[in-house]
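Take a walk through this protein chain, from its overall make-up down to single residues. Keep the structure open as you read.

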Amino acid sequence: MAEEVEKLGYVLKCPKGTRDYDPFQMAIREEVFEVIKGTFKRHGAVTISTPVFELKETLMGKYGEDSKLIYDLADQGGEQLSLRYDLTVPFARYVAMNKVRQIKRYHIDRVYRRDQPAMTKGRYREFYQCDFDIAGEYDSMIPDAECVRIVYEILMGLKLENFVVKVYKIFNWKCPGKSELNLSLQTLYKWAYLRNNTTFRHIVFSTVVICRSFMTWWARKVNNSQHRK
């Protein structure tokens, strides 16, 4: 097969900003995901699944200047579609469409961004997000505190004992040690689809996205493990 491809002058490679993962790397990923899922479940979260693509109008206007990073798909039967940019806006669409009044939800899946990839830094065009969302009416700041607690439990469960969790520079939770891992929760209070929906005007919507910062660490762990093989 390889010889036939060479004769045709065709180079086998992954698309820019993507990569394959071998069985050894997948074993590490599954171990990490089990820790994350276990933490989410301990806090009473259930999981849902949403399509990998959404109506373009659902996604556009939710990300500011980053909307230019959304992958558009060819017209299919009159519908303008785009690959999901994150997991939060599809979840908000799900909550609004199904009139969900209260839910704790987690979702671990691939998302897509037409960004300039930096493979050595763990930044890809296709990557995983691990989301935990609380939607509904709750006492003020209770969901926010729980989200921060979940980040802490996950990082401790992964044996990353020397870290600092930063939330909009309001406060820091520190674990003593010689080094620090900075994890910024840049998407906290991501109202997105719901912010203009009067039905959900009083909803509390808190989000933890363990995304590129965490996956950068994971990519380095995989690379280090490969070097030791």
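In helix H4, the buried residues are Thr-88, Val-89, Pro-90, Phe-91, Ala-92, Arg-93, Val-95 and Ala-96. The helix spans residues 88–97, and eight of its 10 residues are buried, so the rest of the structure largely encloses it. Keep in mind that this is a predicted model.

What follows H4? Just after the helix, Lys-99 takes a positive phi of about 55 degrees. Lys-99 is not a glycine, yet it has this positive phi. The residue sits in the loop between H4 and E4. Its relative accessible area is 63%, so Lys-99 counts as exposed.

Lys-159 is a residue other than glycine, and its phi is near 65 degrees. Look for Lys-159 in the loop between H5 and strand E6, which covers residues 164–167. With a relative accessible area of 66%, Lys-159 is exposed.

Now step back to the whole chain. The protein chain has six helices and nine strands. It holds 229 residues, and buried residues make up 45% of them. Consider the contacts between residues at least 6 apart in sequence: 66% of these join residues at least 24 apart. The accessible surface comes to about 13,400 Å². Carbon and sulfur atoms account for 51% of that surface.

Next, go inside. Which residues touch the most other members of the largest nonpolar core? They are Phe-33, Ile-36, Phe-40 and Phe-132, in a core of 22 residues. H5 gives the most, with six residues.

Strand E5 also holds Glu-126. Is Glu-126 buried, partly exposed or exposed? Its relative accessible area is 24%, so Glu-126 is partly exposed. Leaving aside neighbours within four places in sequence, Glu-126 is in contact with Gly-17, Thr-18, Arg-110, Val-111 and Tyr-112.

The surface has a nonpolar patch, formed by Val-52, Phe-53 and Leu-73. Together these residues have about 210 Å² of accessible area. Leu-73 lies in the loop between helix H3 (56–59) and strand E3 (81–83). Its relative accessibility is 31%, so Leu-73 counts as partly exposed.

Finally, turn to the cysteines. A disulfide is a covalent bond between the sulfur atoms of two cysteines. How many disulfides does a search of the whole structure find? The search finds zero. Cys-130 has a relative accessible area of 0%, so this residue is buried. Cys-14 has 27% relative accessibility, so this residue counts as partly exposed.

Terms used: Residues are numbered from 1 along each chain as its sequence is written. This is a predicted model: local features need pLDDT of at least 70, side-chain atom pairs count only at pLDDT 80 or more; totals for chains, interfaces and linings use all residues. Side-chain values use heavy atoms; hydrogens and water are left out. Helices (H or I, at least four residues) and strands (E, at least two) are DSSP runs, numbered from the N terminus. Buried means under 20% relative accessible area, exposed over 50%, partly exposed in between (1.4 Å probe, protein chains only). Contact means heavy atoms within 4.5 Å. Accessible areas come from the Shrake-Rupley method with a 1.4 Å probe; for residues, only the protein chains shown count as cover. A disulfide is a pair of cysteine sulfur atoms within 2.5 Å. A nonpolar core is a set of buried Ala, Val, Leu, Ile, Met, Phe, Trp, Tyr and Cys residues joined through side-chain atoms within 4.5 Å. Patches are made of residues with over 30% relative accessible area and no salt bridge: like charges are joined within 9 Å, nonpolar side chains (Val, Leu, Ile, Met, Phe, Trp, Tyr) within 5 Å. A salt bridge is a side-chain nitrogen of Lys or Arg within 4 Å of a carboxyl oxygen of Asp or Glu.
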